[in-house]
Amino acid sequence: MTELRDLPPLREVIARHGLAARKSLGQNFLLDPNLTGRIARSAGDLSTGSIIEIGPGPGGLTRSLLLAGARHVIAVEKDLRCLEALEETRCASNGRLELLSGDALKVPIDTLGQAPRKIVANLPYNIATPLLISWLHAIDRSPHCLENMILMFQKEVAQRITAPPGNKAYGRLSVLSQWLCETELLFDIAPGAFTPPPKVTSSVVRLIPREKPRAEAHLEVLEKVTAAAFGQRRKMLRQSLKGLFPNAAEVLGDLGLKETARAEELDIEDFCALAQRLSND
Ligand code: SAM
């Protein structure tokens with residue numbers, strides 16, 4: 001039986017299986033084992049629970065996770081050509097790699113494998129934000145369903161996830177992510193490291209679910225408030241929140257917020273207070 005270390009080089013696998021990258025599937029493959037190893041190591045101890053990898057592609061990161069000692073990797077892939085190409089890695093994994101064919105947007109992440117669960121992925125950029133939002137919903141339903149997530153996004157999205165109030169990248173994604181998780185931008189990866197190279201720089205982000213959210217709120221309501229506030233981010237909140245609160249200026253005053261404030265001046269607790277007010281109205 002082939003050992004992991006003796007698997008053919010990824011470029012050979014790609015050529016043999018005709019894995020011409022498909023733009024519609026956000027395929028930019030990472031073939032450098034130093035970089036995939038760095039991503040795998042960012043997840044910490046891999047020897048317990050299950051590691052969920054979204055979009056393994058030809059399997060560079062998958063190999064690194066297995067080589068770093070992952071007990072159980074569940075790789076969810078939509079492209080049947082990649083699943084075929086990954087068969088050889090599965091055979092070399094000693095039963096540690098499970099391949100799941102399907103659309104990651106439809107997979108209930110909290111039911112896969114065993115806790116502690118980690119998600120480690122070089123995400124398809126076209127669906128990266130909806131995927132993250134769906135995992136935030138899973139954490140909101142069950143805070144212990146995920147131990148951490150090590151995810152690669154376009155740098156611009158990574159900056160939005162991690163931005164503090166007042167920063168130009170601070171927005172809806174910052175509030176929703178940081179309300180539930182500690183977030184950290186770990187490192188950047190230049191376009192040239194990928195095959196084919198994307199147009200933009202990528203960044204790896206770590207999200208660790210908090211023991212408790214930063215403040216009381218319902219996620220669906222927080223989504224509504226942040227969508228209204230940041231949907232018209234240049235406007236003052238007394239204007240942009242009018243659709244949700246006809247008496248927006250008064251509500252802001254009641255909560256001790258300036259009615260002339262703009263969305264980027266509010267911190268996460270402020271948005272939660274607005275969401276609670278909307279829930280109670
Ligand atoms: N992990 C590989 C790497 O680092 O080289 C590939 C990363 S590539 C950016 C994204 C991968 O996600 C592709 O393999 C693509 O086929 C897969 N993918 C795209 N949409 C998907 C979906 N809805 N569900 C599951 N996988 C998907």
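Me: In which strand is Asn-122 found?

Reply: Start with the general idea. Helices (H or I, at least four residues) and strands (E, at least two) are DSSP runs, numbered from the N terminus. Here, Asn-122 is found in strand β5, residues 117-122. Before going on, two ground rules. Residues are numbered from 1 along each chain as its sequence is written, and side-chain values use heavy atoms, with hydrogens and water left out. The model is predicted: local features need pLDDT of at least 70, side-chain atom pairs count only at pLDDT 80 or more, and totals for chains, interfaces and linings use all residues.

Me: Does Asn-122 count as buried or exposed, and why?

Reply: Read the relative accessible area. Buried means under 20%, exposed over 50%, and partly exposed in between (1.4 Å probe, protein chains only). Asn-122 has 15% relative accessibility, so it counts as buried.

Me: What does the side chain of Asn-122 reach?

Reply: Look for a polar contact. That is a pair of N or O atoms within 3.5 Å; within protein, one must be able to donate a hydrogen and the other to accept it, and residues adjacent in sequence count only if both atoms are side-chain atoms. The side chain of Asn-122 reaches the backbone oxygen of Asn-28 at 3.4 Å.

Me: Which residues is Asn-122 in contact with?

Reply: Contact means heavy atoms within 4.5 Å. Leave aside neighbours within four places in sequence. Asn-122 then contacts Asn-28, Leu-30, Ile-54, Gly-55, Leu-61, Met-152 and Phe-194.

Me: Which residues are closest to the ligand?

Reply: A residue is near a molecule if one of its heavy atoms lies within 4 Å of it. The ligand is surrounded by 21 residues, and the closest are Gln-27, Leu-30, Gly-55, Glu-77 and Asn-122. Now check the polar atoms. An oxygen atom of the ligand is 2.6 Å from an N or O atom in the side chain of Glu-77. For the side chain of Gln-27, an N or O atom is 2.8 Å from an oxygen atom of the ligand. A polar backbone atom of Gly-55 is 2.8 Å from a nitrogen atom of the ligand. On its own, the ligand has 600 Å² of accessible area, and the protein covers 98% of that. Accessible areas come from the Shrake-Rupley method with a 1.4 Å probe; for residues, only the protein chains shown count as cover.

Me: How many residues does the largest nonpolar core have?

Reply: A nonpolar core is a set of buried Ala, Val, Leu, Ile, Met, Phe, Trp, Tyr and Cys residues joined through side-chain atoms within 4.5 Å. The largest one has 62 residues. Those with the most contacts inside it are Ile-54, Trp-135, Met-149, Leu-151, Phe-153 and Phe-271. Helix α5 (residues 128-141) gives the most to this core, with 8 residues. Domain bounds come from an automatic or database domain assignment. Domain 1 (4-209) and domain 2 (219-280) both give residues to this core, so it lies between them. A second, separate core has 25 residues, including Ala-40, Val-73, Ile-189 and Phe-194.

Me: What separates the centres of domain 1 and domain 2?

Reply: The centres are taken over C-alpha atoms, and 34 Å separate them. The contact takes 16 residues from domain 1 and 15 residues from domain 2.

Me: Which residues of helix α2 are buried?

Reply: First, the general rule. An α-helix has 3.6 residues a turn, so residues three or four places apart point the same way. In helix α2 (residues 33-42), the buried residues are Leu-35, Thr-36, Gly-37, Ile-39, Ala-40 and Ser-42. Their cover includes β1 (29-30), α3 (60-67), β5, β6 (148-154), β7 (181-189) and β9 (202-209). Now look at the ends. At the start of α2, a side-chain oxygen of Asp-32 comes to within 2.7 Å of the backbone nitrogen of Asn-34. Just after α2, Gly-44 takes a positive phi of about 80 degrees.

Me: Which residue has a positive phi although it is not a glycine?

Reply: Asn-94, with a phi of about 60 degrees. Asn-94 is found in the loop between α4 (80-91) and β4. Its relative accessible area is 64%, so Asn-94 is exposed.

Me: Which peptide bond is cis, with omega near -5 degrees?

Reply: The bond from Ala-115 to Pro-116. Pro-116 is found in the loop between β4 (97-101) and β5. The bond from Thr-195 to Pro-196 is also cis, with omega near -15 degrees. Find Pro-196 in the loop between β8 (194-195) and β9.
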